[in-house]
There are 2 protein chains.
Amino acid sequence: MRTYDIPALVAAARTGDPRAVARLISLVENDAPQTREIASALAPHTGQAPIIGITGSPGVGKSTTTAALVGAYRAQGLRVGILAVDPSSPFSGGAILGDRVRMQDHATDPGVYIRSMSSRGHLGGLAAATPQALRVLEGAGCDIIIIETVGVGQAEVEIASLADTTLVLLAPGMGDAIQAVKAGILEIADVFVVNKADRDGADNTLRDIRGMIALGAPGAGDWRPQIVKTIAAKGEGITDVVDAIARHREWLTTHGELALRRQNRAAAEIEALALTTLREKLGNLRGEAALPELAAKVASGDLDPFTAADTLLASL
Amino acid sequence: MRTYDIPALVAAARTGDPRAVARLISLVENDAPQTREIASALAPHTGQAPIIGITGSPGVGKSTTTAALVGAYRAQGLRVGILAVDPSSPFSGGAILGDRVRMQDHATDPGVYIRSMSSRGHLGGLAAATPQALRVLEGAGCDIIIIETVGVGQAEVEIASLADTTLVLLAPGMGDAIQAVKAGILEIADVFVVNKADRDGADNTLRDIRGMIALGAPGAGDWRPQIVKTIAAKGEGITDVVDAIARHREWLTTHGELALRRQNRAAAEIEALALTTLREKLGNLRGEAALPELAAKVASGDLDPFTAADTLLASL
């Protein structure tokens with residue numbers, strides 16, 4: 001195992017050194033033993049940057065829209081971090097070609113950090129690593145962070161739930177509205193973006209979304225999802241998206257929702273980490289003498305399994 | 001909550017009182033608080049009865065075959081317990097009509113106990129309850145126990161794995177051989193029963209199974225799955241099934257496999273119970289003051305999530 005000088009890496013990342021950032025994300029992505037030290041060193045520098053989630057089916061124009069949004073935020077002088085997450089891909093680290101092509105305007109901009117993350121076999125790992133990767137990006141000085149997920153499945157919903165504000169992209173004529181309902185996307189959407197709005201069927205898509213929102217029947221004081229029409233490839237409507245995100249953030253703040261959401265996310269993260277630790281401890285016991293002996297007693301009827309489980313836990 | 005005199009119920013069940021058996025199974029099926037006491041009282045009377053698993057797609061004749069097997073074991077003077085498990089059904093306690101009809105010869109026989117169990121919402125509960133229900137049946141004096149599962153999915157494979165000897169039923173012309181491979185049935189089959197062997201395509205089914213077994217390529221000393229042809233509705237081939245089960249049991253015993261399998265099952269059961277206990281403890285913490293406070297600190301960057309998880313675990 002390679003050794004790393006974590007304090008030095010974190011210090012370098014804090015100055016925006018892209019290689020240090022890349023190294024730190026790789027370490028947390030692989031759940032390296034240093035993940036704990038990294039998280040501890042970064043914690044004081046986190047908890048402020050807005051996190052924007054962007055999700056939607058392939059082909060709706062997520063990368064184009066993200067690139068346009070990045071341009072808008074750069075024009076405001078903000079440093080932007082982008083985490084492109086693909087739960088279905090077994091490959092990691094390498095960006096999707098399409099992203100790179102559309103992102104090429106920003107690839108050499110030191111104010112933009114782009115990173116792809118994919119599942120290394122199991123999704124649980126990705127779900128655990130993503131919050132750490134977000135901390136690295138914020139620790140490295142990103143003022144705003146975009147998580148872009150590929151597809152609209154349960155995994156994407158889970159990852160999108162790490163965002164303060166979630167954008168769901170749709171395009172006309174893709175039957176996406178129905179798919180979004182099935183995937184539970186309606187519940188997580190703060191802003192609907194109907195991209196490629198110059199295409200046939202855009203009005204139908206708008207009507208479908210309005211119908212879904214009406215069915216959702218938000219109570220008084222609840223956020224009512226916004227709908228924005230864009231033609232991202234031409235840059236049209238992007239300012240409206242930026243405005244909708246800002247309005248949502250203002251709503252989150254004035255209603256105390258931002259603190260509440262972030263606290264709930266942190267609670268879920270802590271619980272998941274605690275459960276992982278417990279599971280590892282249990283797993284370690286397989287190699288020990290205690291379990292086979294207890295199992296033999298239960299198999300022969302000398303002991304009941306509940307008492308055996310208590311004994312096993314007492315040895316933790 | 002109703003109170004039960006568990007020692008009295010167990011004593012009654014030990015004499016074969018069907019109402020006491022039914023009550024005990026209902027309690028363990030619902031994971032009642034008394035489950036622990038029941039398991040403890042029954043443990044000394046368990047660990048001996050052979051457990052036979054029967055699985056296969058709907059329509060292959062599982063219930064008819066089970067009924068015929070029960071007849072054969074009753075002719076040997078053995079008391080038989082039957083647990084019909086349907087993971088897909090949300091209903092519990094009520095037997096499947098078809099079972100009852102085919103089982104009607106045995107319904108009034110005090111040497112036969114028939115019980116249906118279904119998932120009450122979540123499969124984990126069923127997987128946890130089934131070993132306890134098996135203990136109740138053995139504790140009540142059953143000399144041999146049959147677990148019949150409906151369908152061929154992952155859940156059925158899991159439940160069939162509780163048996164010492166697993167029978168996989170197939171019927172001609174149902175494409176079951178392929179399905180069995182997909183569902184991982186090949187790995188768990190100790191005996192293949194080709195039922196309705198007088199139908200067209202029986203030879204194809206036999207050839208398919210032989211091909212699968214050959215591909216499985218068991219090593220020296222390993223059990224080679226047996227194949228038996230039956231026409232269960234006419235009682236044909238049932239003696240061959242009984243013989244194949246007996247041969248498998250002899251092989252299990254002489255190779256030390258029986259003790260090993262039962263010990264591995266007990267180990268898995270103990271681990272599952274221990275993990276459930278740990279999860280409940282974690283769940284209880286949600287209502288306590290510790291977690292929200294830790295989460296608020298993580299959300300604000302005052303604490304990293306790993307240290308927070310350690311603190312949470314320390315309070316267990």
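Let's start with a pairing in chain A. Strand 1 and strand 4 (residues 144–149) of chain A pair in the parallel sense, over four bridges. Strands here are DSSP runs of E, at least two residues, and helices are runs of H or I, at least four residues, both numbered from the N terminus. Pairing requires that DSSP finds at least two bridges between two strands.

Some housekeeping. This is a predicted model: local features need pLDDT of at least 70, side-chain atom pairs count only at pLDDT 80 or more, and totals for chains, interfaces and linings use all residues. Residues are numbered from 1 along each chain as its sequence is written, with chains lettered from A and ligands numbered from 1 in the order written.

Back to strand 1 of chain A. I52(A) has I146(A) as its bridge partner in strand 4 of chain A. Strand 1 of chain A also runs parallel to strand 5 (residues 165–170) of chain A, joined by four bridges. There, I54(A) has L167(A) as its bridge partner.

How many residues of strand 1 (residues 51–55) of chain A are buried? Five of five. Buried means 20 or more other C-beta atoms, placed from the backbone, within 10 Å of the residue's own. In a regular strand, side chains alternate between the two faces of the sheet. Here both faces are covered: I51(A), G53(A) and T55(A) on one side, I52(A) and I54(A) on the other.

Now the interface. 40 residues of chain B are in contact with 40 residues of chain A, contact being C-beta atoms, placed from the backbone, within 7 Å. Helix 13 of chain B supplies the largest share of chain B's side, 14 residues.

How values were computed. Two residues are in contact if their C-beta atoms, placed from the backbone, lie within 7 Å. A residue is buried if 20 or more other C-beta atoms lie within 10 Å of its own, exposed if 12 or fewer, and partly exposed in between; C-beta atoms are placed from the backbone.
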